[in-house]
Amino acid sequence: METILKLVNDANDFLWNTILLVLLCGTGIYYTIRLKFIQVRKFGEAWKTVFGHFSLKGTKGEKGEMTPFQSIATAIAAQVGTGNLAGAATALFGGGPGAIFWMWVSAFFGMATIYAEATLAQQYKTTIDGEVTGGPIYYIRAAFKGTFGKVLAGAFAVFIVLALGFMGNMVQSNSIGAAFSEVFQARGIKIPPVTIGILLAAVAGFIFLGGTQRLASVVEKVVPLMAGIYIIGSLILIVMNITEVPNAFRQIFIGAFQPKAIAGGAAGITVREAIRFGVARGLFSNEAGMGSTPHAHARAKVENPHKQGLAAMVSVFIDTFIILNLTVLSVLTTGAMSTGKDGTALTQAAFTIGFGRFGDIFIAVCLLFFAFSTILGWHFFGEINAKYLFGKKLSKLYSLIVLVFIVIGSTLKVNLVWSLADFFNALMVIPNALALLALSGVVVKLSKKFSNQK
């Protein structure tokens, strides 16, 4: 197991320290400039697009379609998961507080990237067997014609099935299992993590069988509830330690450029590691540029592609600049970093310091909602690509394999699970980013065409 972990980590070092940093940040910066800082100019309009016609009644369109809110809820369900609780803590542990600054940077530029992803997903969506569908596989083939386009789209489909459907959902179940194991052990109760995995798989399987409509119906109700509960709890904890907030921001800004000047520098953290962990965990959290959420955005029933691009920016803002920051400030203001814990256990330690024995239960329950909603979203994204690769008949087999991986993931060590997820996430980014760059002219044209329409 240690040999496998070393091989995967070596591959991740190569991918994340060079190729992915350039592709992700470069694509975000490029789109930010070409779209004239659309994430700033159209920020207010983006919020109105999502919440201006808020409805939980669904849409009466073609099969597979969603309301703009359902599509955003599905996207946020996938984005707001362990990356916001366990992932933020892992970034703090591995890259120090400075990693959070680089998360912010990548998310800011990522808002322009995800605008492009959602716009292209809408522009190139299609209807197959009477069901609306879309995603990177379709705009990759639009960007690159012939055999190369087919191969690149096929590679992306394989990578996303492995990255999200299998490895990614192992991360989610692993984090849920770890969170509840921490709660049970603290109270002298012995319940194997695999038991949690089996229960998760059973509930997930029921929702999988209901298809897109059942998924949309569940996430549009669960996402606002789970986000609201966590935001309230985090704000209470931060207010309890309000005097430590300035120091938390000091650690973040100094740690971004001088890690050795703050606590954690003694562990050998460098600026390079802060950037690597910040960008990697930022991607795992908000998924901008990864090519996952366009599958949800493609199904939205909207006036034009530009509108859905604006709506997509809101999901990144909520994910990183609101929910993830609440986790970061909760950890830094309580001094939980001194516990030496990592991942979910670090976040639980912060809330236990503030709320006592109730703290770890609170995080376990929040993580259950967060990670479970991500399992639903990622299964959905992977299923679209499994159908593209193998046809509709084998999609049930894909769902069954996902359920098996959910159970397996609950039993594995956290380091290996996260490393595997990072590796396959990295492979997903490459074909998606290439298509985004190739189709930048289309995105700019659509943005100009619809921006001025009332």
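The C-alpha atoms of L389 and A155 are separated by 9.8 Å, although the two residues are 234 residues apart along the chain.

Because the model is predicted, local features need pLDDT of at least 70 and side-chain atom pairs count only at pLDDT 80 or more, whereas totals for chains, interfaces and linings use all residues. Residues are numbered from 1 along each chain as its sequence is written, and side-chain values use heavy atoms, with hydrogens and water left out.

Along its principal axes, the C-alpha trace spans about 55 × 45 × 45 Å. Of the 454 residues, 59% count as buried, and among contacts with a separation of 6 or more, 84% are made by residues 24 or more positions apart.

The accessible surface of the chain comes to about 17,400 Å², of which 68% belongs to carbon and sulfur atoms; these areas come from the Shrake-Rupley method with a 1.4 Å probe, and for residues only the protein chains shown count as cover. The chain has 36 positive and 20 negative charges, whose mean positions are 7 Å apart. In this count Lys and Arg are positive and Asp and Glu negative, while His and the chain ends are not counted; the place of a charge is taken as NZ of Lys, CZ of Arg, CG of Asp or CD of Glu.

K36, which lies in the loop between α1 (2-34) and α2 (38-41), has a positive phi of about 55 degrees although it is not a glycine, and at 58% relative accessibility K36 counts as exposed. F37 lies in the loop between α1 and α2 and has a positive phi of about 55 degrees, again without being a glycine; at 40% relative accessibility, F37 counts as partly exposed.

A search of the whole structure finds 27 aromatic pairs, in which rings of Phe, Tyr and Trp (its six-membered ring) pair if their centres lie within 6.5 Å, and planes under 30 degrees apart count as stacked, over 60 as edge-to-face and the rest as tilted. F358 and F362 form a tilted pair, at 6.0 Å centre to centre and 45 degrees between the planes. These two residues are separated by about one helical turn, because F358 and F362 are four residues apart in helix α16 (residues 357-390). F358 counts as partly exposed at 47% relative accessibility, whereas F362 is buried, with a relative accessible area of 10%. Elsewhere, F101, W102, W104, F249, F253 and F257 form one aromatic cluster.

H306, found in helix α14 (residues 305-334), is buried, with a relative accessible area of 0%. Not counting residues up to four places away in sequence, H306 touches I38, E45, Y115, T119, L446, S447, F450 and S451. A433, in helix α18 (residues 414-438), is buried at 3% relative accessibility and, leaving aside its neighbours within four places in sequence, is in contact with L23 and T27. From A433 to L310 the C-alpha to C-alpha distance is 19 Å, the two being 123 residues apart in sequence. By contrast, N452, in the segment after α19 (440-451), counts as exposed at 67% relative accessibility. N452 and A280 are 172 residues apart in sequence and 36 Å apart in space, C-alpha to C-alpha.

Key
Buried means under 20% relative accessible area, exposed over 50%, partly exposed in between (1.4 Å probe, protein chains only). Contact means heavy atoms within 4.5 Å.
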